[in-house]
Amino acid sequence: VSVQPALTDARHEFVVPTAPKPISLIVLQPTSLCNLNCRYCYVPNRRQAEVMDGRVLEAAIAKALTSPLVQGKIEFLFHAGEPLAAGIDFYRRAADLIAQHNGRNINVVKSIQTNATLIDDAWCDLFVERGYYVGVSIDGPQFLHDRQRVTWAGRGSFDRVLRGVRRLQERDLPFGAICVLSRESLAYPREILDFFVGNGFPSVGFNIEEVENVNTTSTMFSADPKEAHAIEDEFRTFLSRFLELWEEKGRPINIREIHDMALFMLRKQRDPTVRRIPDETDDTGIVTIQKNGDISPYSPEFAGSPSEEYHDFVVGNILTSDFADILTHPVYMKIRTDVHESIARCATSCSYFDLCGGAFLSNKFWQNGTLNSTETVTCRLTRQAVADLLIERWNCSEPK
Amino acid sequence: MDDRSRESHDLGPAYMRLREGLMERLGDVNTQTLISVVSLRPGEAPRLPDREVFDEWPDSFSRDTWYKTWAKSEALMGHPPEDGLEIEIE
């Protein structure tokens, strides 16, 4: 296996590390089928019922667990469409294959990001017996959730989601939650916090509604600078009020954005030379495999994204390629070159870079029209605004 | 700790200026507050915000879960990444 030499950009000087690290996350897309039609979903082909072929599943697992790019530990994340639509037997087989091929005793984590509508006792049995961790997608209280996360008939899914959550809680299964914020959510920080705390969620991460792939519009994204500024102001006001309420209540729930930023600030205080390297920007840090076996590097959102320049972000097929083959694939090298250039641009132009690492590659591609770009709405809101808020709120300097 | 996140070579004047500006801003942030937030375990008894707690998290810094899932953060809790797992390239 050969690796490209380090990229040295004369204009930027900033050099992205080139020593490859092990793959940390393999995203498996068992099906694009979904029983919901969320208004902001970016996944294409959500009414196609095909499930990942057994040969693709076995090749992905077997090749990962024997690959030199996987060492020590690996997470298999089942994501895209509604993963549970693939059926319980699919996940039993996946667990069996992992046990069968894990001759190196790699620490394997199996996880599923689900809309939770299909979770019943049988699914809980699977999660317990086969050790699957669960992330649930839920957008807060019913009046917000049901505006976005609807069935194909246009009906809200909240009741079914919460029923699934209750099943997880009854079985004491740990789970995290992802809450997508649309513009209308920003008026309800108290209601959103009360919902997650009142319903016993141990943790929540906030994503924003994004322009991506088949989702071509977003209430959080405007090409009009004045409107974009207004949205950012609303987001900062939401976040500020949310943080205030969260602290008043004694920090009763783990908020991913606050926790992560606090952690990185702390590390930075202790050692100014450290900086964040997100898995998403790490060469082969994340590899995604579609149901047909096609392989994509970096952001999982690249899988299934049409692109003439990057050949639809496909860098091989797991039925005919090994993971290490990615490193020498010409499409991968083209993507990698642009990713490194993009990160170098972030490093030399953004004062938040050490707290961010130049992430959100798919947002760069979809929002800016090119992968080789810098700031996105996503990073302005979920990195810069969060950092500003914590720096301002937790400032301990004497008034000047 | 991922050593690549701690650079020793010259990263250029533009980056260094931005880093210095960020460090100036971070210098005023209350460290004890950061520690207490980082060590937060909802549902468990409060833990002392001391150095020992902070040291439980050293390997987390260079990791960053993909933001459209949160299963991993929960899953890997208690399984700190191993150090020095560089891949041998032939």
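A:A116 is buried, because its relative accessibility is 0%. Buried here means under 20% relative accessible area, exposed means over 50%, and partly exposed lies in between (1.4 Å probe, protein chains only). The residue is not a glycine, yet A:A116 has a positive phi of about 70°. A:A116 sits in the loop between β3 and α3 (121-130) of chain A.

The model is predicted: local features need pLDDT of at least 70, side-chain atom pairs count only at pLDDT 80 or more, and totals for chains, interfaces and linings use all residues. Residues are numbered from 1 along each chain as its sequence is written, chains are lettered from A and ligands numbered from 1 in the order in which they are written, and side-chain values use heavy atoms, with hydrogens and water left out.

A positive phi also occurs at A:N213, a residue other than glycine, with a value near 45°. A:N213 lies in the loop between β6 (203-208) and α7 of chain A. With a relative accessible area of 10%, A:N213 is buried.

Chain A contains an open sheet of 9 strands with mixed pairing. The strand order is β7-β6-β5-β4-β3-β2-β1-β8-β9. The edge strands, each pairing on one side only, are β7 (254-255) and β9 (295-297) of chain A. Helices (H or I, at least four residues) and strands (E, at least two) are DSSP runs, numbered from the N terminus. Two strands pair if DSSP finds at least two bridges between them. Strands of a sheet pair through backbone hydrogen bonds, either parallel or antiparallel.

Strands β1 (residues 25-28) and β2 (residues 73-78) of chain A run parallel and are joined by 4 bridges. Within β2(A), A:F76 is the bridge partner of A:I26. Helix α1 (residues 54-66) of chain A packs on the sheet and touches β1, β2, β3 (107-114) and β8 (286-289) of chain A. The direction of α1 makes about 160° with that of β2(A). Contact means heavy atoms within 4.5 Å. Axes are lines fitted to C-alpha atoms, for helices over the stretch in contact, and angles run from 0 to 180 degrees between N-to-C directions.

Two helix pairs were examined. Helices α6 (residues 189-198) and α7 (residues 225-248) of chain A pack at about 45°, with axes 9 Å apart. The pair α6(A) and α7(A) is therefore oblique. Angles under 35 degrees count as roughly parallel, over 145 as roughly antiparallel, 65 to 115 as roughly perpendicular, and the rest as oblique. From α6(A), A:P189, A:R190, A:I192 and A:L193 meet A:F238, A:R241, A:F242, A:L245 and A:W246 of α7(A). This contact has 7 nonpolar, no polar and 2 charged residues. Ala, Val, Leu, Ile, Met, Phe, Trp, Tyr, Cys and Pro count as nonpolar, Asp, Glu, Lys and Arg as charged, and the others, Gly among them, as polar.

In the second pair, the axes of α8 (residues 256-270) and α12 (residues 377-393) of chain A come within 10 Å and cross at roughly 70°. Helices α8(A) and α12(A) are therefore roughly perpendicular. Their crossing is right-handed.

A:V128 belongs to helix α3 of chain A. At 47% relative accessibility, A:V128 is partly exposed. Leaving aside neighbours within four places in sequence, A:V128 is in contact with A:R171 and A:L173.

Conventions. A crossing is left-handed if the near helix is turned anticlockwise from the far one by less than a right angle, and right-handed if clockwise.
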